[in-house]
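I opened this notebook to look up charged side-chain pairs. The entries follow the order in which I checked them.

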Amino acid sequence: MSQKTNPNTYRIGINKNWMSRWTAKDGKSIAKMSVEDKKIRLYILKNFHDALIDKVEIERLTSMNSFDKEKKPEITIFVRCVNVSYINDEQKKNETILFVNKLIGKEYKVNIIAIEFLNQYWSARIIARKIADDIENRIPFRVAQKNVIQQAMKSKILGIRTKLSGRLNGVDMARSEGYSEGLIPLSTIRCDLDYALEEALTVKGIIGVKVWLNRGQILDKGLDKQNYPTAKPSMEKKGGKQHE
């Protein structure tokens with residue numbers, strides 16, 4: 001399954017919500033708005049790198065408000081991150097709003113809402129980005145993987161799997177290498193499986209970093225019911241998990 005389907009896409013509509021939520025009038029609008037959402041996400045992930053962002057969700061009220069000309073169309077950006085203070089910085093927030101207005105039109109009202117993510121080792125994207133940053137800082141790729149796997153398992157993760165692809169150690173031929181610990185049930189839909197893909201830019205080329213996380217099973221019905229820890233873990237006692 002991991003070679004055929006994105007684990008996040010496989011669970012959309014079951015226990016994961018859509019990253020972009022809006023309604024378009026026609027096919028041209030769908031393509032245009034999809035490209036805009038991608039540019040907005042890349043801009044936020046690049047400019048708020050230190051915030052340790054897990055995911056960026058975008059909601060638009062466009063077609064629903066088209067019949068009400070007096071009401072201003074809105075776009076709401078939900079940023080789930082560890083360091084909320086970076087997102088709430090007024091200067092960076094205003095720069096982001098100006099970028100969004102320039103990209104999609106100044107008639108939109110832009111809202112940026114930061115949602116705190118308590119444990120960075122419960123996010124596949126944050127772990128993948130950490131491995132990629134370590135590789136870019138010339139840390140051995142095996143050491144980078146083993147360090148995050150060790151920290152993730154201490155955070156009560158049920159399973160983690162990593163995979164690196166590219167010219168590892170600068171060899172001439174590209175290859176793949178990874179590690180796995182715990183359970184990673186890819187085909188179990190009720191499993192809260194998180195997946196992310198990041199890239200490490202090195203002198204010898206790009207190295208792809210893939211991470212799978214098993215955060216337990218979800219038995220409640222409804223979207224966006226992922227498991228998250230209740231508190232930041234300490235060296236003596238780790239936080240549990242709850243349904244959000």
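I count a residue as buried under 20% relative accessible area, as exposed over 50%, and as partly exposed in between (1.4 Å probe, protein chains only). The model is predicted, so I note that local features need pLDDT of at least 70 and side-chain atom pairs count only at pLDDT 80 or more, while totals for chains, interfaces and linings use all residues. Residues are numbered from 1 along each chain as its sequence is written, and side-chain values use heavy atoms, with hydrogens and water left out.

Entry one: the salt bridges. I took a salt bridge to be a side-chain nitrogen of Lys or Arg within 4 Å of a carboxyl oxygen of Asp or Glu. My search of the whole structure gave 16 salt bridges.

Entry two: E36. I found R60 in a salt bridge with E36, with 3.0 Å between the closest N and O atoms. This pair links distant parts of the chain, R60 being in strand β2 (residues 53-61) and E36 in helix α2, 24 residues apart. Helices (H or I, at least four residues) and strands (E, at least two) are DSSP runs, numbered from the N terminus. R60 counts as buried because its relative accessibility is 3%. E36 has 5%, so E36 counts as buried. I also found a salt bridge between E36 and K32 (2.5 Å, N to O). Both lie in helix α2 (residues 27-47), 4 residues apart, about one turn of the helix.
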